[in-house]
Amino acid sequence: MKAVAYARYSSDNQNPESIDQQLDVIRDWAAQNDCQIIEIYSDEAETGTSDNRDDFLRMIAESGSRDYDFVLVYKSNRFARNKYDAAIYKKLLKENDKKVIYVTQPMLNEETPEAMLMETLFEGMDQSYSLDLARDVIRGHKKNAQACKHNGGRPALGFDVDKETLTYILNEKEAQAVHKIFEMYDKGFSYDAIIRELNKSGYKTKTGQTFSKNSIADILRNEKYLGIYTYNRRPHKVKGMRNNRKEKPADQIVKIPGGMPQIIEQALWDRVQAKIASRHKNPGERAHNKAISQYLLVGKIECGKCGFKMVGKNGGTWGDKKRYDY
């Protein structure tokens, strides 16, 4: 018999080693049942409450064209924590003559009414556990937010987290970079000029990388530099990505003035925000002043993924004397 293996771990309470642990148990089952594993699919730091998992969807898509008998999974909650997804995708696999085997839950693998009932109960319990966990996490985060404590993730440039109190403290070196960004923008320097100066002075982003235009734009709009603690401002991440151009409704955002160290004084903040607003007020006119060609849609259309306004651009190819505007 032939099989593929699927393993997954969630970022909330597990670690990458859990995939290796799952695969060890799956390989033992395969060896004991004279089954050859021809492919391993795995998703790291992906929740099972959604089917938006790259390798999971690839496994489903390839199931119709590959020759094997079983999909081996450690247990039911690794396949899905949503009972509807579990039913839909097991049905798709069954239509492609593939059977899902939960190697640590043999009672669910039998073709009996009792096994079907047990499987339904387990899938419901898996989904219920995820909903309870999410509710507890949200409750804990709100309690932390009321005390202006760090709620996980990477702190903004200029801040560190006190390991004992979980409150924000200044990172002096990074705070200098933040102040330089605001001062240079206030004096009329472009993003490119600011980036060159930061890189020349040896400043790095929180991840140790050189600065980019996006990172500068985010810093200039971050109210935390005024000392305002904020929580629940952005929508949840999708596939590890967060849309930093979108905000939740004001009544869902927690804002506590004085909840963290202040890096930028109010007067400098106000001047910078006024400059940002003025530059975005008529982007079409600004682009036309700079560009050789007039781009009629500048400022009128935006990227549906990140929310940035689209701008005009031109270019050509080596040896091509014609310029293309788009």
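**Reading a predicted fold, one feature at a time**

Visitor: Which residue's backbone oxygen lies 3.0 Å from a polar atom of the side chain of R221?

Guide: The backbone oxygen of A217 does. A polar contact pairs N or O atoms within 3.5 Å, one able to donate a hydrogen and the other to accept it; residues adjacent in sequence count only if both atoms are side-chain atoms. This is a predicted model, where local features need pLDDT of at least 70, side-chain atom pairs need pLDDT 80 or more, and totals for chains, interfaces and linings use all residues. Residues are numbered from 1 along each chain as its sequence is written, and side-chain values use heavy atoms, without hydrogens or water.

Visitor: Where does R221 lie, and how far from Q273 in space?

Guide: R221 belongs to the loop between α8 (213-220) and β7 (228-231). Helices (H or I, at least four residues) and strands (E, at least two) are DSSP runs numbered from the N terminus. From C-alpha to C-alpha, R221 and Q273 are 7.5 Å apart, though 52 residues separate them in sequence.

Visitor: Why does R221 count as partly exposed?

Guide: Buried means under 20% relative accessible area, exposed over 50%, and partly exposed in between (1.4 Å probe, protein chains only). R221 has 24%, so R221 is partly exposed. Across the chain's 326 residues, 36% are buried.

Visitor: Which residues have the most contacts inside the largest nonpolar core?

Guide: In soluble globular proteins, nonpolar side chains tend to be buried together. A core here joins buried Ala, Val, Leu, Ile, Met, Phe, Trp, Tyr and Cys through side-chain atoms within 4.5 Å. The largest has 33 residues, and F182, F211 and Y225 have the most contacts inside it. Elements giving two or more residues to this core are α6 (172-186), α7 (191-200), α8, β7 and α9 (266-281). With seven residues, α6 gives the most. Apart from this core lies another of 17 residues, including M59, V71, Y89 and L93.

Visitor: What does F182 touch?

Guide: Contact means heavy atoms within 4.5 Å. Not counting residues up to four places away in sequence, the partners of F182 include Y225, W269 and Q273. For the chain, 61% of contacts with a separation of 6 or more join residues 24 or more positions apart.

Visitor: How many helices and strands are there in the chain?

Guide: The chain has 10 helices and 10 strands. One loop, between α10 (283-290) and β9 (314-315), holds I301, which is partly exposed at 36% relative accessibility.
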